[in-house]
Amino acid sequence: MSVERDTVQIPDDLAFASFRQQCESTQGWQQKYNKLGVGVWVQDTSEGKAVHRMKCRIEIKDVPAELVYDVLHDNEYRYKWDKQVIKTFDIARLTVNADIGYYSWKCPSPLKDRDVITLRSWLVTDNDYMIINYSVKHPDYPPQKDLVRAVSILTGYLIHSTGSGSCDLVYMAEADPRGSLPKWVINKASQYLAPKVLKRIHKVSLKYPEWKRKNRPHLKPWLYPEQNKLPTMSLDVLSIQHAESLENIDESALSEENASDEEGIKG
């Protein structure tokens with residue numbers, strides 16, 4: 001469980017170490033899915049709290065960690081494989097390994113679609129590649145009428161290299177979707193949708209090298225900061241996005257009968 005922030009800060013080495021520890025820990029997590037190298041765990045939420053905690057893990061035996069890392073960073077490629085994305089773009093650069101970005105996504109019908117503004121940071125160590133984010137408020141990007149502004153408390157990916165051509169990928173999310181979600185949504189997300197998303201990431205990672213060769217193959221600003229042409233901005237412009245300041249949508253009575261088969265898992 002993460003401690004909610006009071007001020008906007010760039011994640012430091014301790015923050016990344018804590019994220020890695022949470023990804024690897026089993027204490028306090030209940031496994032909901034375990035099949036063909038894919039596992040999903042959830043953590044009970046405090047009574048009266050809308051925060052949902054989930055993590056998913058997949059064993060990838062034929063793609064190296066650094067390639068999966070590129071796939072998760074490449075917004076241009078995301079439009080090719082992320083069926084739920086409505087719009088995603090980077091807003092500004094904070095440091096060589098941190099930026100501010102926008103992401104909106106389609107939720108399974110009949111739920112309303114969501115969006116987030118996040119501070120994202122990334123770190124590469126000897127065997128691990130990590131990307132983490134949390135929600136912030138940006139004065140130029142207020143909540144929109146047709147979307148529910150969700151809150152990421154701590155969301156991210158841990159890609160652990162298990163060999164020259166293999167890795168383990170963990171996605172962990174601690175978020176407030178700003179809605180009283182029905183139980184069937186939570187169960188579907190943990191037992192069906194999350195495994196499907198990780199399997200898709202594996203599949204599209206296999207296709208990425210061929211696609212990248214035809215689409216600005218040398219452009220990887222997440223690896224080469226000198227390629228980053230985003231405007232810089234100060235942390236002083238930003239503030240923490242607290243869930244309590246946003247509208248809460250009651251969707252608890254929505255029926256599963258009319259639900260679509262869309263993932264609705266934020267990336």
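Predicted model: local features only at pLDDT ≥ 70, side-chain atom pairs only at ≥ 80, totals over all residues.
Which residues of H1 are buried? They are Phe16, Phe19, Gln22 and Cys23. Looking down the helix axis, these buried residues fall within an arc of 120°, so they line one face of H1.

As for its dimensions, H1 runs over residues 13-24, which makes 12 residues. From first C-alpha to last, H1 reaches 17 Å, close to the 16 Å you'd expect at 1.5 Å a residue. The N-terminal end of H1 has a cap too: Asp12 puts a side-chain oxygen 3.2 Å from the backbone nitrogen of Leu14.

Helix H2 (residues 65-73) is mostly covered, with 8 of its 9 residues buried. The buried set takes in Ala65, Leu67, Val68, Tyr69, Asp70, Val71, Leu72 and His73.

Now for the rings. The count comes to 8 aromatic pairs. Two of them involve Phe89, and here they are side by side.

| Pair | Geometry | Centre to centre | Angle between planes |
|---|---|---|---|
| Phe89 and Tyr102 | stacked | 5.1 Å | 25° |
| Phe89 and Tyr141 | tilted | 5.9 Å | 50° |

Both pairs link distant parts of the chain. Phe89 sits in strand S4 (residues 85-95) and Tyr102 in strand S5 (residues 98-105), 13 residues apart. Tyr141 belongs to the loop between S7 and strand S8 (148-149), and 52 residues separate Tyr141 from Phe89.

Is Tyr102 buried or exposed? At 6% relative accessibility, Tyr102 counts as buried, because the cut-off for buried is under 20%. Phe89 is partly exposed, with a relative accessible area of 27%. Tyr141 is also partly exposed, with a relative accessible area of 27%.

Elsewhere, ring pairs link Tyr77, Tyr208 and Trp211 into a cluster.

Terms used
Residues numbered from 1 in each chain as written. Heavy atoms only, no water. Helix = DSSP H or I, 4+ residues; strand = E, 2+ residues; numbered from the N terminus. Expected span 1.5 Å × (residues − 1). Buried < 20%, exposed > 50% of the residue type's maximum accessible area, 1.4 Å probe, protein only. Arc of directions from axis to C-beta. Polar contact = N/O pair within 3.5 Å; in protein donor to acceptor, adjacent residues only side chain to side chain. Phe/Tyr/Trp six-rings, centres within 6.5 Å; stacked < 30°, edge-to-face > 60°.
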